[in-house]
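Subject: Structure handover

Hello,

Here is the structure I said I would pass on. My notes on it follow below the entry.

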Amino acid sequence: MRQHVLFAAVLLGLTMTARTQTALTNAQTERRIHDLLQRMTLAEKLGQLTQSSLHRSATTTTGPITGPDSKDSEDSFRLAAAGRLGSMLNTTGAATTNALQHEAVEHSRLHIPVLFGSDVIHGYRTIYPIPLAIAATFDPTLASALTHMAGEEAASAGIRWVYSPMADLSRDPRWGRVMESSGEDTFLDSAMTRAAVLGYQGEHLNDPTSVAACVKHFAAYGAPEAGREYASVDLSLLRIRQDYLPPYRAAIDAGAASVMAAFNTLNGVPSTSNSFLLTDTLRRDWGFQGITITDFGAIPELKNHGVAETDADAAEAALNAGIDVEMMSHTFEQNLPVLLQHGRVSMAEIDRAVRNVLRIKFALGLFDHPYVNEQDEVTAAAASHRPLARRAAEESFVLLKNNGTLPLHLSKGRTVALIGKTADSPEQMLGAWSIAGRNSDVVTPRMAFEERIKENGGKLLYTDGSSPSETAAIARSADDILVVVGEPRQQQGEATSRVELDLPADQRKMLESVTTLGKPFTVVVFSSRPLVLTSIAKQAAALLEAWAPGVEAGPALADILLGNVSPSGHLPMSFPRSVGQVPLYYAELPTGRPAGDANFNEPPTQATKYLSRYIDSPNSPLFPFGYGLTYTHFTYSDLRIHPSSDALPKNAASNNNTAVTLDVDIRNDGTHTGVAVPQLYLRNTGVPVSQPLRLLKGFQRIELAPGAHATVHFALRYQDLSFYDANAQPVVVPSKFSVWVGEDSGATLSGSFALRN
């Protein structure tokens, strides 16, 4: 039996990693920073606060970075030698970073090194599954191992600052950037965000294999109105603090070295100039001492938001709100000198920002070890890292339906039809934001199945599905049919909001060619968000969500479909029946008129009409949060809660002591070894502020052989039982808790306990 024990207190990570915090506040370092500040010119200081690129300069986010541009490159080397190059975005290659670093360290007046940052989202060279897929593993330990691997590869190229993880709670799949998120649940998001930070930053930031993490996008970027990229966000303070801020807080408590402000407005105030977020919450309340940075060209966009008339107004607002570094625009450099002269900004504010930048550079050890060994640079997917990427893909796949079709049983002479161009598309396997990834590193499903089927004496018939007649003919002649579909890569990631969540028309037509044959078939979906799979779920005998799994996509998929590995992924986001249901999430607040079991197919009566329901669809999702099948069956029984009633201590909302323990027995009743993912849900009733119908409060991963059983233990602290009152303050009050434990958010094994005065 293999058990990954993940209790609530561990997952939330409420205690900051002491070593990381110490590295940022070392007294000797502070003296060195003070000495540098005394000697720096204003131009040198502003250089530290401006991030540049070797590619096209930009002051807006009107398009992707393209390049390289020879003038920008020349300017960067000149600025480095002048001591005015603080950091660089997406600079590729150890030779280039070393060359720029040489100019800054050897030729500048104060020898301040450059900090190189990059968008490392799901791997650097060895691309692993997208963050949403990693959340589907419910395995924070794996998440830490993956981000450490990515950081190690990035650091080999001189990149010591990565713009990840994204802590944005995401409940609307119309927003394309859900692929970078950990999904819809605050607890899971907090656990995975914390794990990612710890993996990137390691034991010590000055370890040459560690990188500074940048948690983003602060705050609530994942809740744009209408699911439209860059749109405004409007949430109550209670909702912000209870649902949206905890994942960012988990990152800060884990020691995250930097924070990126969001593009959006939050309750009317742009995050880039939001002092409530950047100063009051982040620094005063949470004690953050690292770098704050804008998103790409965000300061000039304050004019578009209507809160600044000029670039000077925008620069003033951003700096005074708490921004340290400006990414890929130059309003600080161009306007702060005049603003300083007129008293609209202070030297103290400028020095505060510079101090934060220098602090991270010292913590990373760049002043003492600015260069990397170019012979050690990782330039392709590393052979030693592929097994971890493969394991991640295997754990991330979510089996949504299986009528006995899977696993496949290959044998001599057996024919397998593999249908769909996605099955042979390296870029689909890599997914969006795989900037340094290479198509040549990818093993596609077609490549893997050709090898596996040949080994077993079978025959693979492949078609890209473009011809309906050929598709039907190949499917008709095969013993097993695998249809591989996917969301095109250009529809994934930033700036890819959609009003429909269907597959492309050509793929729907391809599926029709197979469906009309009346033979059982398996559908594998590669996507970076929940899609509407309602019709496919009815037609297919088996359905597997495979996300964008990275370089080991093919071998991982073959292992799952052939039964070498049992599926263990569970959905981090609910899958809707229709796009009209979104935003859709399990942790919704109750209504005074719940629909209950009302059947939308039956004519409404006086008792069933005036309820919170649709007249043309069930309220429920097609597949709920936490859902995932395997090749075996687990039985949950005998839920024990200790104690069933307990008295509240003083200051319970911040009390780390254990309040309640829960034990549940799990048995593998099937014929395959499998991984159970028990999930603990609570509901708090009898309180003055309405609480969600259910909230995830713990989960584990346990591998059990056929016939094996185990007892799973959960421990909840008093603060885990807290909620935010009408004044948005955390409290615990005498009340009742309902408990459910099972394999998804619809778990039925239940119990209860109470807190009393």
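Leaving aside its neighbours within four places in sequence, which residues is Ser574 in contact with? The contacts are Glu184, Pro530, Leu584, Tyr585, Tyr586, Pro621, Phe623, Pro624 and Phe625. Please keep in mind that this is a predicted model.

Ser574 is located in the loop that runs between helix H22 (553–561) and H23. With a relative accessible area of 4%, Ser574 is buried, the cut-off for that being under 20%. Its side chain also reaches the backbone nitrogen of Phe625, at 3.4 Å.

Aromatic rings

Elsewhere, the charged end of Lys216 sits over the ring of Trp433, at 5.9 Å from its centre.

The count of aromatic pairs comes to 15. One of them is Trp547 with Phe575, an edge-to-face pair with 6.2 Å centre to centre and 75 degrees between the planes. Trp547 lies in the loop between strand E17 (542–545) and H22, while Phe575 lies in the loop between H22 and H23, so the pair ties together parts that are 28 residues apart in sequence. Both Trp547 and Phe575 are buried.

Helix H3

H3 covers residues 27–39, which is 13 residues. From its first C-alpha to its last it reaches 19 Å, close to the 18 Å expected at 1.5 Å a residue. Thr29, Ile33, Leu36 and Leu37 are buried in this helix. Viewed down the axis of H3, the buried residues fall within an arc of 100 degrees, so they line one face of the helix. On the other side, Arg31 and Gln38 are exposed. Helix H4 (42–48) and helix H15 (347–363) are among what covers the buried residues of H3. At the N-terminal end, Asn26 caps H3, with a side-chain oxygen 2.9 Å from the backbone nitrogen of Gln28.

Tyr610

Tyr610 is in the loop between helix H23 (606–609) and strand E18 (634–642). Its relative accessibility is 46%, and it counts as partly exposed. Tyr610 and Asn267 are 343 residues apart along the chain, and their C-alpha atoms are separated by 32 Å.

Regards

Methods. Residues are numbered from 1 along each chain as its sequence is written. This is a predicted model: local features need pLDDT of at least 70, side-chain atom pairs count only at pLDDT 80 or more; totals for chains, interfaces and linings use all residues. Side-chain values use heavy atoms; hydrogens and water are left out. Helices (H or I, at least four residues) and strands (E, at least two) are DSSP runs, numbered from the N terminus. Buried means under 20% relative accessible area, exposed over 50%, partly exposed in between (1.4 Å probe, protein chains only). The expected span of a helix is 1.5 Å times one less than its number of residues. The arc is that of the directions from the helix axis to the C-beta atoms. Contact means heavy atoms within 4.5 Å. A polar contact is a pair of N or O atoms within 3.5 Å; within protein, one must be able to donate a hydrogen and the other to accept it, and residues adjacent in sequence count only if both atoms are side-chain atoms. Rings of Phe, Tyr and Trp (its six-membered ring) pair if their centres lie within 6.5 Å; planes under 30 degrees apart count as stacked, over 60 as edge-to-face and the rest as tilted. A charge sits over a ring if NZ of Lys or CZ of Arg is within 6 Å of the ring centre and within 35 degrees of the ring normal.
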